[in-house]
Amino acid sequence: MDQAVRQEVDFHIEARNSEIAKDFFDQDKWVMTGEGSRRLMLVCRRFYIPSVCWDFTSERVLTMEWIDGIKISKLSTLR
């Protein structure tokens, strides 16, 4: 249990997971069929995962690129 807790708060692990997710959602190699699949592809292209700044990331600090965004409460702007 102690090791699991330490891994949960290790931002190196979180940073690697972020890069895996970014690579997955950035790839254009998907071949999808069906209405649900097309909808999933559109949703995947609507969000952006910031890159990790590895020079400033440690076990206790996760630093990612700054991106401008829209507050989730601004629904009219998001549509």
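Biologist: In which helix is the place of Leu 78?
Modeller: The model is a predicted one. Within this predicted chain, residues 75–78 form a helix, and Leu 78 is one of them. The helix that holds Leu 78 is therefore α4.

Biologist: Does Leu 78 count as buried, partly exposed or exposed?
Modeller: The relative accessibility of Leu 78 is 42%. Buried requires a value under 20% and exposed a value over 50%. Because 42% falls in between, Leu 78 counts as partly exposed.

Biologist: Which residues form a nonpolar patch on the surface with Leu 78?
Modeller: The patch has about 410 Å² of accessible area, taken together. Besides Leu 78, its members are Ile 70, Ile 72 and Leu 75.

Biologist: What pattern does the chain follow when read along the sequence?
Modeller: The secondary structure consists of four helices and zero strands. Along the sequence, the pattern is accordingly written α-α-α-α.

Biologist: How many Å apart are the end C-alpha atoms of α2?
Modeller: Helix α2 covers residues 11–26. At 1.5 Å a residue, its 16 residues should span 22 Å. The distance in the model agrees with this expectation, as the end C-alpha atoms are separated by 22 Å.

Biologist: Which residues of α2 are buried?
Modeller: Exposed residues, namely Ile 20 and Asp 23, are carried on the face of α2 turned away from its buried side. The buried side itself is supplied by Ala 15, Ser 18 and Lys 22.

Biologist: What arc around the axis do these buried residues of α2 cover?
Modeller: The residues concerned are Ala 15, Ser 18 and Lys 22. They lie on the same side of α2, because the arc they cover around the axis is only 55°.

Biologist: Is Lys 22 buried or exposed?
Modeller: Lys 22 is found in helix α2. Its relative accessible area is 12%, and the cut-off for a buried residue is under 20%. Lys 22 is therefore buried.

Biologist: With which residues is Lys 22 in contact, leaving aside its neighbours within four places in sequence?
Modeller: The C-alpha atoms of Lys 22 and Ile 49 are separated by 5.7 Å, although the two residues are 27 residues apart along the chain. Ile 49 is one of the contacts of Lys 22. The complete list for Lys 22 is Tyr 48, Ile 49, Pro 50 and Ser 51.

Biologist: By how many Å are the C-alpha atoms of Tyr 48 and Phe 25 separated?
Modeller: Tyr 48 is found in the loop between α3 (35–44) and α4. With a relative accessible area of 44%, Tyr 48 is partly exposed, and its contacts beyond four places in sequence are Lys 22, Glu 65 and Ile 67. Tyr 48 and Phe 25 are 23 residues apart along the chain, and their C-alpha atoms are separated by 8.5 Å.

Biologist: Does Trp 66 count as buried or exposed?
Modeller: Trp 66 is also found in the loop between α3 and α4. Its relative accessibility is 73%, and a value over 50% defines the exposed class. Trp 66 therefore counts as exposed.

Biologist: What percentage of the 79 residues in the chain do buried residues make up?
Modeller: The accessible surface of the chain comes to about 7,100 Å², and carbon and sulfur atoms account for 56% of this area. Of the 79 residues in the chain, the buried share is 14%.

Notes: Residues numbered from 1 in each chain as written. Predicted model: local features only at pLDDT ≥ 70, side-chain atom pairs only at ≥ 80, totals over all residues. Heavy atoms only, no water. Helix = DSSP H or I, 4+ residues; strand = E, 2+ residues; numbered from the N terminus. Buried < 20%, exposed > 50% of the residue type's maximum accessible area, 1.4 Å probe, protein only. Areas by Shrake-Rupley, 256 points an atom, 1.4 Å probe, with all protein chains shown as cover. Patch = residues over 30% accessible without salt bridge, like charges linked within 9 Å, V, L, I, M, F, W, Y side chains within 5 Å. Salt bridge = Lys/Arg side-chain N within 4 Å of Asp/Glu carboxyl O. Contact = heavy atoms within 4.5 Å. Expected span 1.5 Å × (residues − 1). Arc of directions from axis to C-beta.
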